[in-house]
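Subject: Structure handover and findings

Hello,

Here is the structure I promised to pass on. Please keep it open while you read; my notes follow below.

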Amino acid sequence: MGDLTDQQLRRYARQLVVPQIDVEGQLLLRDAHVLIVGVGGLGVPMAQYLAGAGVGHIRIVDDDRIALSNLSRQIAFSERDIGELKVEVLAKRICAANDDISVEPCAARFNQLTAEELLRDIDLVLDGTDSMQARLDIDRATYSRQIPWIMGAAVQISGQWSAFDPERHQGCYHCLIADPGSTETASCAELGILGPVVGLVSLHQAILALRYLVGDDLPWGRLHMLDAWSGGLQTLEILAREECALCRHDTGQH
Ligand SMILES: [Zn+2]
């Protein structure tokens, strides 16, 4: 791991003086590889802020094209981008702002078939999907490879996020949605979403990602729930379930 260049020292000057980052953290960010699954209202700000912070290798995956109804919250996109692939446009915007990092656009969907390729060399996965099935796929594929991931979801004025440790010692997404109190059923396409709410969730995910990448320990297995209208935040501990189809099932065999 070499030193920061003069250009990097200038580019990251403001965060290098933040004690939680420092030169050591900046070098860790520079060498990090993250995968962002889905570049909608969550994935776009996450990608932009992680790129801005100097995360060196960012792979983005989404097979969607930009639509007019995206523009209220996917703030990297403009009207002339409508109809273009999200990953292609976002990669261009990010590279225009920071040519010091590498962005790899993948016009695909994350599923059991594509996981092997998409997770190659990845240290951390960030969820920007709007789909429980996609999250179940992320949970399963990252668990078998012992990669941590950070989930995020938002509808209307409510958001939630959670970080899952590589070995799921603190429970997994399968544990979470097996909870009878789990509220996660409908997507924002059905119920609607207020733009800044996904923005807030995505930036909490981005902070957790930066913390993890600089070597900080995360609040694993905790579900953070935000009412963005009132600003109220609640945190629940996820119950790691003995009968979980994913994490407990395997633990019994070790
Ligand atoms: Zn589990």
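Where does Gln-156 lie? Gln-156 sits in the loop between strand 5 (149-155) and strand 6 (158-164). Helices (H or I, at least four residues) and strands (E, at least two) are DSSP runs, numbered from the N terminus.

First, the ground rules. The model is predicted: local features need pLDDT of at least 70, side-chain atom pairs count only at pLDDT 80 or more, and totals for chains, interfaces and linings use all residues. Residues are numbered from 1 along each chain as its sequence is written, and side-chain values use heavy atoms, with hydrogens and water left out.

**Positive phi**

Gln-156 is not a glycine, yet its phi is positive, at about 50°. Gln-156 counts as partly exposed because its relative accessibility is 41%. The classes are buried (under 20% relative accessible area), exposed (over 50%) and partly exposed in between, with a 1.4 Å probe and protein chains only.

Asp-22 is also not a glycine and has a positive phi, of about 60°. Asp-22 belongs to helix 3 (residues 22-30). With a relative accessible area of 40%, Asp-22 is partly exposed.

**Around helix 1**

Leu-4 is placed in the segment before helix 1 (6-11). Is Leu-4 buried or exposed? Leu-4 is buried, because its relative accessible area is 11%. Not counting residues up to four places away in sequence, Leu-4 touches Leu-9, Leu-16, Val-23, Gln-26, Leu-27 and Arg-30. Contact here means heavy atoms within 4.5 Å. Leu-4 and Arg-73 are 69 residues apart in sequence, and their C-alpha atoms are 34 Å apart in space.

Gln-8 lies in helix 1. Gln-8 is buried, with 6% relative accessible area. Leaving aside neighbours within four places in sequence, the contacts of Gln-8 are Asp-3, Leu-16, Arg-30 and Asp-100.

**A loop residue**

Leu-68 is in the loop between strand 2 (57-61) and helix 5 (86-97). Leu-68 counts as exposed because its relative accessibility is 59%. Leu-68 and Ser-78 are 10 residues apart along the chain, with 8.8 Å between their C-alpha atoms.

**Helix 4 against helix 10**

These two helices pack at an angle of about 40°, and the axes of helix 4 and helix 10 are 8 Å apart. Axes are lines fitted to C-alpha atoms, for helices over the stretch in contact, and angles run from 0 to 180 degrees between N-to-C directions. From helix 4, Pro-45, Met-46, Tyr-49 and Leu-50 meet Ser-202, Leu-203, Gln-205, Ala-206, Ala-209 and Leu-210 of helix 10. By class, the residues of this contact are 8 nonpolar, 2 polar and no charged. Ala, Val, Leu, Ile, Met, Phe, Trp, Tyr, Cys and Pro count as nonpolar, Asp, Glu, Lys and Arg as charged, and the others, Gly among them, as polar.

**The second largest pocket**

The second largest pocket holds about 320 Å³ of space. A pocket is an open set of points on a 1 Å grid over the protein atoms alone, where a 1.4 Å probe fits, with protein on both sides within 12 Å along at least five of seven lines; lining residues have an atom within 4 Å of a point. Grid points are joined across faces, edges and corners, and the volume is the space filled by probe spheres set on the points. Of the 14 lining residues, Ile-21, Ala-206, Ile-207, Leu-210 and Arg-211 are the closest to the centre of this pocket. Helix 4 (43-52) and helix 10 (195-213) each supply at least two lining residues. Helix 10 gives the most, with 5 residues. The lining has 10 nonpolar, 2 polar and 2 charged residues.

Best wishes
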